[in-house]
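Student: I would like to go through this structure term by term. For each label, please tell me what makes it apply.

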There are 2 protein chains.
Amino acid sequence: MSSQLIAVLVAVQNDTPKVLTLGAGRSLPAGPLESRHRSLQNGMRLWVEQQTGRRLGHIEQLYTFADTQVLGVPELERSLLISYLALTHADPPSENWRSWYEYFPWEDQMRAQTQRLVADITLRLKSWVGTLAAEEHERQLRRVVRLFGGDGEVWDDQLVLQRYELLWEAGMVTESPLCEEPVVGMSMDGDHRRILATGIARLRAKIRYRPVFYEFMDETFTLSALQRTVEVVAGQAMHTQNFRRLIAQQNLIEETPDYAPVSRGRPAKLFRFRREMIEEGQIMGSKLPIVFSR
Amino acid sequence: MSSQLIAVLVAVQNDTPKVLTLGAGRSLPAGPLESRHRSLQNGMRLWVEQQTGRRLGHIEQLYTFADTQVLGVPELERSLLISYLALTHADPPSENWRSWYEYFPWEDQMRAQTQRLVADITLRLKSWVGTLAAEEHERQLRRVVRLFGGDGEVWDDQLVLQRYELLWEAGMVTESPLCEEPVVGMSMDGDHRRILATGIARLRAKIRYRPVFYEFMDETFTLSALQRTVEVVAGQAMHTQNFRRLIAQQNLIEETPDYAPVSRGRPAKLFRFRREMIEEGQIMGSKLPIVFSR
DNA sequence: CCTTTTATACTCTTTCTGAGCATAAATAAC
DNA sequence: GTTATTTATGCTCAGAAAGAGTATAAAAGG
């Protein structure tokens, strides 16, 4: 049984969370696990750095699973896929870096249009629920409401994978064997979109208690830029004043004497991350407002 | 390259968190990944259920890594280890079920003796720090304090793996190549103790926001029994009244008309989990007091 | 000068959390 | 049979944190 490494490589460019793709955006970069790698983590790092020529920051394992993509292949030939999430700094944009919201448009709760999209999806899901056996009705209906909101439920930005799986079961994404008419959003080969969903969910969870957004920022940055970065990753708008309060009280960043070049309003101070705090394990947690404003 | 499944199978028996081991407690159960398994998760479940004859409850993947144990083996033969955490209900105890605190005595912060043990470990670690290059002193000293407490730092029950790794680096566990005189605690073959540490940490984290302790309880139980279960898993005593408040306000459990047979004090009401709440995904979170009392 | 936009400071209310006090209902000790 | 001890349970209170609003500062554009 052969094994492959597969990477969800994320950067934030132009206030957009982007992921590195191959093959016209249809797949995530993947490479064979080579025996010269001293460890998986290391192999992953080396391999991505060679392929992309960029330095990797934070890196973590996502999930390992048996590839279900290739049908008709003798089972012994099935591949193990070991997926990783890796963060890097924005570099010259290219075709291969695509907004992850191209694949999950409903996850971008900052665009006004999304509300309509989610309403449409919810409608279709509810009609799908109608086709199920009666015992399942209530269960699945609660699931739809919990995942896609409505009925007073708030949108939980972490349930990326669960939402994708629900759409899959309902035959509303191209990857599903039941699919007739997919919901908007690019699909990917095999399990890749599922892996991407896992990566997004993991990053959104992580950013709540670890200052991994550090990886995405320039050397110096304004608080608004920091907030926008976190917002586009979470796909949720945040209360500016509270965001600042939380960042401030964590001692993660410090002022520089400089100001950002102004375009419109009052010029913003430039900040930088405090090196001592970023260093390995120093920061026990970086809390962010957990319930986002709308 | 062949692959192995490896399980951290946990149950709570007699107010002790136990893990299933093999070979006189020196290794975790592991088996080859067979091609008939439809998915890894499924393969894991089938395999453990066959081996142990018990039904598995919650199951989740821990980590995948390349086995570093076997030296002198051609690198292509290296095995991929895919580790899982699985929870099950206590059954007739046996030799093979061992308290996880046999392997990590310092993690049991509920025993009075542990305080002395941790003090000893801290001393030895500090003297190890003394042998390092000067630039490293402060960094590593902070690490020791953060992981093993002292200096006003509180004990973080989730840092099981980090503590083990520190001891490993300092040559204070048998598994380490530098080891001369190990700290108390049973060791295991290969990476198994590290995997166990990962499992414990994951479970301690999970139990904070998901009611996975459900798996460990009988059909009905008292609140004290529930609290003791959580406490021994976390290795930390909790404030009883606050524990009850949190459990109560989450609507996870309901009273039964019965009382537990008394031994000493006032008889305790028996409770049961509300089936509807436990069902898949219903419960979004089960919060527990995060900072434990001493 | 006035409006708009962005940045930043401060306040207020509600909820959550840690911690303690008090009472209830049983057994054990005298 | 009192009294002490143990376990279970109810309630209160102070401080911290979170959500949300008001106010002010500093720029550009008309």
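Tutor: Start with strands: two strands pair if DSSP finds at least two bridges between them. Helices (H or I, at least four residues) and strands (E, at least two) are themselves DSSP runs, numbered from the N terminus. This is a predicted model, in which local features need pLDDT of at least 70 and side-chain atom pairs count only at pLDDT 80 or more, while totals for chains, interfaces and linings use all residues. Residues are numbered from 1 along each chain as its sequence is written, chains are lettered from A and ligands numbered from 1 in the order in which they are written, and side-chain values use heavy atoms, with hydrogens and water left out.

Student: What makes strand E4 (residues 59–66) of chain B a partner of E5(B)?

Tutor: Seven bridges join E4(B) to E5(B), and pairing needs at least two. The two strands therefore count as paired, and they run antiparallel. One of the bridges has B:Ile59 facing its partner B:Ala86 in E5(B).

Student: Which way does strand E1 (residues 3–13) of chain B run beside E5(B), parallel or antiparallel?

Tutor: E1(B) and E5(B) run parallel, joined by eight bridges. In E5(B), B:Tyr84 is the bridge partner of B:Ala7. In general, strands of a sheet pair through backbone hydrogen bonds, in either of these two directions.

Student: Why is strand E5 (residues 80–87) of chain B called largely enclosed?

Tutor: Buried means under 20% relative accessible area, exposed over 50%, and partly exposed in between (1.4 Å probe, protein chains only). Eight of the eight residues of E5(B) are buried, so the strand is largely enclosed by the rest of the structure. Both faces are covered: B:Leu80, B:Ile82, B:Tyr84 and B:Ala86 are buried on one side, and B:Leu81, B:Ser83, B:Leu85 and B:Leu87 on the other.

Student: Why is B:Thr114 called buried?

Tutor: The relative accessible area of B:Thr114 is 4%, and the limit is under 20%. B:Thr114 is therefore buried. This residue lies in helix H2 (residues 112–130) of chain B. Leaving aside residues up to four places away in sequence, B:Thr114 touches B:Pro105, B:Trp106, B:Asp108 and B:Gln109, where contact means heavy atoms within 4.5 Å.

Student: How do you know that B:Thr114 has a polar contact with B:Asp108?

Tutor: A polar contact is a pair of N or O atoms within 3.5 Å; within protein, one must be able to donate a hydrogen and the other to accept it, and residues adjacent in sequence count only if both atoms are side-chain atoms. A polar side-chain atom of B:Thr114 is 2.5 Å from the backbone oxygen of B:Asp108, so the pair falls within the limit.

Student: Which residues are closest to DNA strand C?

Tutor: A residue is near a strand or molecule if one of its heavy atoms lies within 4 Å of it. For DNA strand C, 23 residues surround it, and the closest are A:Ser224, A:Arg244, B:Gln241, B:Arg245 and B:Arg264. Of the atoms of DNA strand C that come within 4 Å of the protein, 59% belong to sugar and phosphate.

Student: What lies 3.0 Å from a base nitrogen of DNA strand C?

Tutor: An N or O atom in the side chain of B:Asn242 does. A backbone N or O atom of A:Lys269 is 3.0 Å from a phosphate oxygen of DNA strand C. H7(B) gives the most to the surface near DNA strand C, with four residues.

Student: How many residues surround DNA strand D?

Tutor: There are 25, and B:Ser224 and A:Gln241 are among the closest. A polar side-chain atom of A:Arg245 lies 2.9 Å from a base nitrogen of DNA strand D.
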